[in-house]
Amino acid sequence: MSKQNAVLSEEQIKTRRGRSVAIAVTLGVLVALFYVITIVKLGPGIMARPL
Amino acid sequence: MLEQTQGLHEDATDLGGRGRVSDYIALLKPRVMSLVVFTAAVGLVMAPGNQHPVLSFISIFCIAVGGGASGALNMWWDADIDAVMSRTKMRPIPAGKITRQEAFSFGIVLSFGSVLTLGLVANWVAAGLLAFTIFFYVVIYTMWLKRCTPQNIVIGGAAGALPPMVGWAAVTGDVTLVSIALFMITFTWTPPHFWALALVKSDDYQKAGVPMLPVVAGETATRYQIVLYSLLLLPVGMSPYFLGFASVFYGVGSAILGLVFLSYGIRVWRVREGDAAKKTAMSLFRFSLFYLMLIFAGLLAENMVSLV
């Protein structure tokens, strides 16, 4: 595949879609993970912290 | 390192983009990862302290991803010798499914991600130990020792032995005699485990120019070393009992397992010719996996029982 005018085959489009879905799922899991970590580490008093 | 660089035949204009999700999962060495998860979980469960179960679960996840990242970086560096060896030539890079650059980027992102997340979730001692594990496996073992000394897997085995220490540190934030004992079990187990495989695959290693012990010192010396390490593994495997953090049941069980391991080692020493020799070496290789699983399962079971 050259850097210019790269034309993807059907197979390449399919695998790219698979990778895109995997990256989207991973990002979603990370968001959920950091949300859960925040709640577990800081607890329900997270909103009652002094400014 | 020079040989490694010269061994690359990748087209510089290859932009990649052919890899499936399953190829990226293969880069993480899932089978090695399962061992990492299991031994790290045992270290975490055995550690004294109260860590929230959700944080424990995420800590194990981070250790698993860190272990997988070092596998990907190992494949990035070793792509040239992987292509030569029958056992590894179907890995994603030599098979042409993923480029070295893609594997490198994947490994680096996961390495930093797992270490930083573990630091935030557990503590920075555990994160530091995980970073050291990745560094040791990739730089000390893969880049340096693997291609220059027959003691490669003896010293490099430290990387595979560290996960229970990381699991322990995730709860306590320290390194103690107990976690060192857990480390020593896998560390002592690694040489006979890998040398049994190397006896069967010595032609492969010779072809790839990897100075494994059977290639450099010969099969007799390797068999002698296997018996020696099997003998050493017997008391090391029992050390949790000797140090007082496992019961007499574990002590007896680990002694029996250690003696069976030794008997397999002695059989490898005695049977040296033809297919029978290869079969005996493979039997030791398979039993060694079973041994490590049972030793750590025993420790896990004892701790689970004491928690109830």
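A crossing of two helices is left-handed if the near helix is turned anticlockwise from the far one by less than a right angle, and right-handed if clockwise. The structure described here is a predicted model, in which local features need pLDDT of at least 70 and side-chain atom pairs count only at pLDDT 80 or more, while totals for chains, interfaces and linings use all residues. Residues are numbered from 1 along each chain as its sequence is written, chains are lettered from A and ligands numbered from 1 in the order in which they are written, and side-chain values use heavy atoms, with hydrogens and water left out.

Helices are DSSP runs (H or I, at least four residues), numbered from the N terminus. Their axes are lines fitted to C-alpha atoms over the stretch in contact, and angles run from 0 to 180 degrees between N-to-C directions. Angles under 35 degrees count as roughly parallel and those over 145 as roughly antiparallel. Contact means heavy atoms within 4.5 Å.

In chain B, the crossing of helix 4 and helix 6 is left-handed. The axes of helix 4 of chain B and helix 6 (residues 100-121) of chain B come within 8 Å, crossing at roughly 155°, and the two helices are therefore roughly antiparallel to each other. Residues of helix 4 that meet helix 6 of chain B include L55(B), I58(B) and W77(B), and those of helix 6 include R100(B), F104(B) and V121(B). This contact of helix 4 with helix 6 of chain B has 17 nonpolar, six polar and one charged residues; Ala, Val, Leu, Ile, Met, Phe, Trp, Tyr, Cys and Pro count as nonpolar, Asp, Glu, Lys and Arg as charged, and the others, Gly among them, as polar.

Helix 4 (residues 53-77) of chain B also packs against helix 7 (residues 124-144) of chain B, where the axes come within 10 Å and cross at roughly 20°. Helix 4 and helix 7 of chain B are therefore roughly parallel, and their crossing is right-handed. Among the contact residues are C62(B), G66(B) and W76(B) of helix 4 and L130(B), Y137(B) and Y141(B) of helix 7.

Helix 7 of chain B packs in turn with helix 8 (residues 152-161) of chain B at an angle of about 160°, the axes lying 8 Å apart. Helix 7 of chain B is thus roughly antiparallel to helix 8 of chain B, and the crossing is left-handed. The residues in this contact include Y137(B) and Y141(B) of helix 7 and I153(B) and G156(B) of helix 8.

Between the chains, 15 residues of chain A are in contact with 18 residues of chain B. Chain A and chain B bury about 1,400 Å² between them, 70% of it on carbon and sulfur atoms; buried area is the accessible area (1.4 Å probe) that two parts lose on being put together, summed over both. One salt bridge is found across this interface, a salt bridge being a side-chain nitrogen of Lys or Arg within 4 Å of a carboxyl oxygen of Asp or Glu. The side chains of E11(A) and R20(B) meet in a salt bridge at 2.3 Å, N to O.

Technical notes. Parallel < 35°, antiparallel > 145°, perpendicular 65-115°, else oblique.
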